[in-house]
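Keep the 3D view open as you read, and take the points in order.

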Amino acid sequence: MRKIILAFLLTIMAASLAGADTIYLRDGRRVQGTVLGFINGRFVVRINETRTAQQGSSTQSSSTQADMSGEIAFFRPRQIERIEIEGRSLDDARYDTRTVEVSLGPNWIDSGVDLRRGERVQIKASGTIYADRTRITPDGLPRSTDPNAPLPRAAEGVLIGAVSNDPTAPIIELGLSREFVADRDGRLYLTANRSSYTDARGSFNVQVRTERNLQAMNDDRDDNNPNSSNESFGRDRSDNPAPPRRRTQSDQGYNRPNNNRTQREKVISVPGNLRAGVDTGVDVRTGDQLTITATGNITAGRRAGVVSPEGGRVGAASIIGTYPVPSAGVGALIGYLRLPDGQLSQPFFIGSQLNFTSQAEGRLFLLANDDNYNDNSGSFDVRIVYLDVAR
C-alpha cells in the first residue's frame, strides 16, 4: 500500500502536461480518467471509461460501466495494482477553470460558476472593450471614473464581479488579476464598471479558477452507498440556469445611497467576550450614513470592572497599542467592516452614540475594545439605524 502511494507521488512529480490517466485495479479492471487527488486514504478519480483486462481499447466492459463516464469514483490503495499518470500536473487537476466572454449589455454576464461562502476564487482577464473610440482594458481607464457606474469611485470600465443577483451583494473590483474570497453562496456575475453600454463593442476574456471541493465529495460519497450524490463536486455547475442580474437594477440602490433605499432599524446584543465581534447583518456602502446608539454594561476583566459603551480608563495596554482601537478605553464599543475581498477595515470607536458616514463598503461587525476577552462578561444593547434596499 505504501509502495503504491509512493510510486504515485513520484509519478506526479515527474508529470508536466495534460493527459489521461490509467488506474489498474487488482480485480482485473482498467479505469481511464483523471486522478484528482488523494484524500482521507482514497484516490479520487473522474472516470472516462472502465474496461476489463481482456478487452480491447475501444470496448467498454458493460453498459453500466459505460454510463459511469464522467462520474467520480474513490479507490483505496489496496484495490489498486498501479497508476499511470499521462504527463500532467496533479495541482492543475485540483482546480476548475472556466473561460467567460464578458461584454457590456443590459445585464451582467452569468459566469456559470456557483461559489460557496469562504471559497477562494482566482480571476485573470484580458481582451478589450471599445466604447465609441475609447479602448478599455480589464484594468479600466486609469484617469476616468463614471459616477453612475456600479462602483462610482473605481476606474471606468474596470472588470467587476458580484456573487448572486441580490442587489445588496458587495461589488468586487477585479481588474486584470485578482484573488478574492466569496462572502456568500451564489452564482458569480461579471461586467465592466460603466453605466452606458449602447456604444460598446468587444469583450473581456475572463478565466475563473476555483478549487475542487474534494473533501465535500468524500463526505457525500462512501463505500456503502455507491449511488450517493456528488453534487458538491460541482461538475455540472455551469449547466444550471441562473436568474439575470440586471444592470439597471443593480445600479439603482446599491451604490447610490439615497436611490430606491429605505431607512431601517436593527437592535442587537453585543457580548463583551467575543474577540471577532458580532456580525450585525448590516451591509454598509460607501457614503452611507449610520446612527449607532448603545446602552448597558459589560465587565471588562477584573482590573477594569464594569464599564459602559464609552469604556473604562485608557490604561497601559492602550498606550502600547494592544487594543484594537488604542485611543479608546478598555471595553468600549467599537466596530469594523469586513470588506468585499475578505479583508478587515481599521477598527473605529463607537461608544454610546455615533453618527458617521462610511468611507468604504462591507459588512458591519461590533465588539468590545480589549486585548483579553477571556475574562469578560455581559453585553451591550445596540440600536443601528441604516439604509437598506426597499423591499
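1. A definition to begin with: a residue is buried when its relative accessible area is under 20%, exposed when that area is over 50%, and partly exposed in between. Arg29, at 26%, therefore counts as partly exposed. Please also keep in mind that this is a predicted model.

2. Now the overall picture. The protein has seven helices and 25 strands. Of its 391 residues, 47% are buried.

3. Which residues touch the most other members of the largest nonpolar core? They are Leu290, Leu333, Leu364, Leu366, Val382 and Ile384, in a core of 33 residues. Several strands each give at least two residues to this core: S17 (261-271), S18 (278-284), S19 (289-300), S21 (333-338), S23 (353-357), S24 (362-368) and S25 (376-389). A second, separate core has 26 residues, including Leu115, Val121, Ile123 and Leu190.

4. Beyond its neighbours within four places in sequence, Ile384 is in contact with Leu290, Leu364 and Leu366, among others. The list of contacts also includes Arg264, Glu265, Lys266, Thr280 and Thr291.

5. Next, have a look at an open sheet of four strands. Their order is S18-S24-S21-S22, with antiparallel pairing. The edges are S18 and S22 (348-349), each of which pairs on one side only. Two bridges join S21 and S22 in the antiparallel sense, and Ile334 stands opposite Phe349 in S22. As background, strands of a sheet pair through backbone hydrogen bonds, either parallel or antiparallel.

6. How many salt bridges are there? The count comes to 12. In general, side chains of opposite charge can pair when their charged atoms come close. One of the salt bridges joins Asp283 and Arg363, whose closest N and O atoms are 2.7 Å apart. This pair links distant parts of the chain, since Asp283 is in strand S18 and Arg363 is in strand S24, 80 residues apart. Both Asp283 and Arg363 are buried.

7. Two further salt bridges are worth a look side by side. Arg184 and Asp183 meet at 3.1 Å, N to O, and both of these residues are buried. Arg29 and Asp27 meet at 2.9 Å, N to O. Here Arg29 is partly exposed, with a relative accessible area of 26%, while Asp27 has 52% relative accessibility and so counts as exposed.

8. Is Asn369 buried or exposed? Asn369 has a relative accessible area of 0%, so this residue is buried. Asn369 is found in the loop between S24 and S25, and its side chain reaches the backbone nitrogen of Val325 at 2.9 Å. Leaving aside neighbours within four places in sequence, the contacts of Asn369 include Tyr323, Pro324, Val325, Ala328 and Ile334.

9. Ser358 sits in the loop between S23 and S24 and is buried, because its relative accessible area is 3%. The Ser358 side chain reaches the backbone oxygen of Ala360 at 2.5 Å. Away from its neighbours within four places in sequence, Ser358 is in contact with Val284, Arg285, Thr286, Gly287, Asp288 and Leu337.

10. Finally, where is Ala242? Ala242 lies in the loop between helix H4 (214-220) and helix H5 (247-254). With 25% relative accessibility, Ala242 counts as partly exposed. Ala242 and Val113 are 129 residues apart in sequence, with their C-alpha atoms 9.9 Å apart in space. Once neighbours within four places in sequence are set aside, Ala242 is in contact with Asp110, Arg187 and Tyr189. Asp110 and Arg187 also belong, with Asp114, to a network of salt bridges.

Key: Residues are numbered from 1 along each chain as its sequence is written. This is a predicted model: local features need pLDDT of at least 70, side-chain atom pairs count only at pLDDT 80 or more; totals for chains, interfaces and linings use all residues. Side-chain values use heavy atoms; hydrogens and water are left out. A nonpolar core is a set of buried Ala, Val, Leu, Ile, Met, Phe, Trp, Tyr and Cys residues joined through side-chain atoms within 4.5 Å. Buried means under 20% relative accessible area, exposed over 50%, partly exposed in between (1.4 Å probe, protein chains only). Contact means heavy atoms within 4.5 Å. A polar contact is a pair of N or O atoms within 3.5 Å; within protein, one must be able to donate a hydrogen and the other to accept it, and residues adjacent in sequence count only if both atoms are side-chain atoms. A salt bridge is a side-chain nitrogen of Lys or Arg within 4 Å of a carboxyl oxygen of Asp or Glu. Two strands pair if DSSP finds at least two bridges between them.
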